[in-house]
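Hi,

Here is the structure I promised to pass on. Have a look at it first, and then read on for what turned up.

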Amino acid sequence: MKIEEIVHLIHQWTPPSLSESYDNVGLLTGDPKALCQGILITLDTTEAVVDEAIAGGYNLIISHHPIIFGGIKKLTGGNYIENTIIKAIKNDIAIFAVHTNLDNILSGVNHKIASLLQLKNTKILSPKKDIIYKLSTFVPIKGTDMVLKALFDAGAGHIGNYSEASFVTKGTGSFKGNDQSNPTIGKVNQLEKVEEHKIEVVLPKYAKNKVINALFEAHPYEEVAYDLILLSNDNQTIGSGMIGQLENPLPLEDFLALIKKTFNCGSIKYTPISKNIKTVAVCGGSGSFLRKEAMHQQADAYISSDFKYHEFFDSENLISFIDIGHYETEQYTKEIIFDYIKKNAVSLPTKISAVNTNPVLYF
Ligand SMILES: [Zn+2]
């Protein structure tokens, strides 16, 4: 398999358009046309990880955090970012980042944290808006099934746990083609009235081009009439963080002990709360931006990392903010990527890096 084929495979699962605007996901170094010899998966790309790739014959590193993030203006060495990139390029090692696009999908890092804590009734804590389109199109009745199938195959018609969702109404379409037209039904310069179906489906923003291309391919008319409207509905399957419930409420100390064991934490920073913990919100990585949303949804605890000192004050005995460390919240991202690659018939040597890239130690 070529490196670009693996990139494509992963982007079908975590489309880059789902990443946040500040992010830099995708293939960061390397030749997309090169044959992949093996895949090494890591949270961070460091020189030690590149060394491991060289020694093991892996020429593709898949990393959660993008090594190229801010603007790089030179590559002369001198810091770990430049040294790592130079070493990777010199040794024909491609680096591919799957970052906030993996955070934002339902099967991503927050789902993993929630499932490790055995949370029930989980849902996205902060669903994304403005990423769903409504497509309406008008098809002669005989063409309806064909067009619907093409739209579904291209990724339209998904709502929550349902696929192939559509609404079809019957009506009369009219048109009159000019001298240059070549109408499928009727004649040029003659008004035609045809029994048609109006088909309505929703589609995710990232699938827009694919769905519109499929519509044009499958639609029997020379000119395809359609409306594409951006909806302000929440998308329940895409967004940041997750919230759910523990089966049995736990006193805070017991809950902290469970977290410490589950995530192998060197230390935990937290704010107190006098009631038991039942509803739990989580967000892998730097998630303090969701602390108010976790409170708004009446979580008893919010597990994330990188809270600032003053942000802890917001908890006010209404919620326990639990900062377990950035690496600790995201360490299982490696397993998620590994499992996806193994499940999707990539028979290449694939390994989770043995390097612990956490730059933080606990004394
Ligand atoms: Zn992170």
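Before the first number, a quick definition: two residues are in contact if their C-beta atoms, placed from the backbone, lie within 7 Å. Counting contacts in the protein chain between residues at least 6 apart in sequence, 73% join residues at least 24 apart. Do keep in mind that this is a predicted model.

Now the overall picture. The protein chain has 363 residues, and 36% of them count as buried. Its C-alpha atoms fill a box of roughly 85 × 55 × 35 Å along the principal axes, and you'll find 12 helices and 15 strands in the chain.

On to the inside. In soluble globular proteins, nonpolar side chains tend to be buried together. Here the largest nonpolar core has 60 residues, and the ones touching the most other members are Leu60, Ile61, Phe96, Ala301, Tyr302 and Ile303. Strand β12 (residues 277–286) gives the most to this core, namely 5 residues. Both domain 1 (3–99) and domain 2 (109–126 + 239–326) supply at least three residues to this core.

Which residues does isoleucine 303 touch, not counting those up to four places away in sequence? They are Ile113, Ile259, Val280, Val282, Ile322 and Ile324. There is also a second, separate core of 17 residues, which includes Val139, Ile199, Ile212 and Leu215.

Next, a sheet to look at. Four strands form an open sheet in the order β7-β8-β6-β9, with antiparallel pairing. At the edges stand β7 (167–175) and β9 (226–231); each has a single partner strand, so one side of each is left without a neighbour in the sheet. On average, neighbouring strands of this sheet are turned by 25° against each other, direction ignored.

Strand β6 (residues 132–140) and strand β8 (residues 192–204) pair in the antiparallel sense over 9 bridges.

Helix α6 (residues 144–153) touches β6, β7 and β8, and its direction makes about 20° with that of β8. Helix α7 (residues 208–218) touches β6, β8 and β9, with its direction at about 0° to that of β6.

Cheers

Terms used
Residues numbered from 1 in each chain as written. Predicted model: local features only at pLDDT ≥ 70, side-chain atom pairs only at ≥ 80, totals over all residues. Core = buried A, V, L, I, M, F, W, Y, C linked by C-beta atoms within 7 Å. Buried ≥ 20, exposed ≤ 12 C-beta atoms within 10 Å, placed from the backbone. Helix = DSSP H or I, 4+ residues; strand = E, 2+ residues; numbered from the N terminus. Domains from an automatic or database assignment. Pairing = 2+ DSSP bridges. Axes fitted to C-alpha atoms, helices over the stretch in contact; angles between N-to-C directions.
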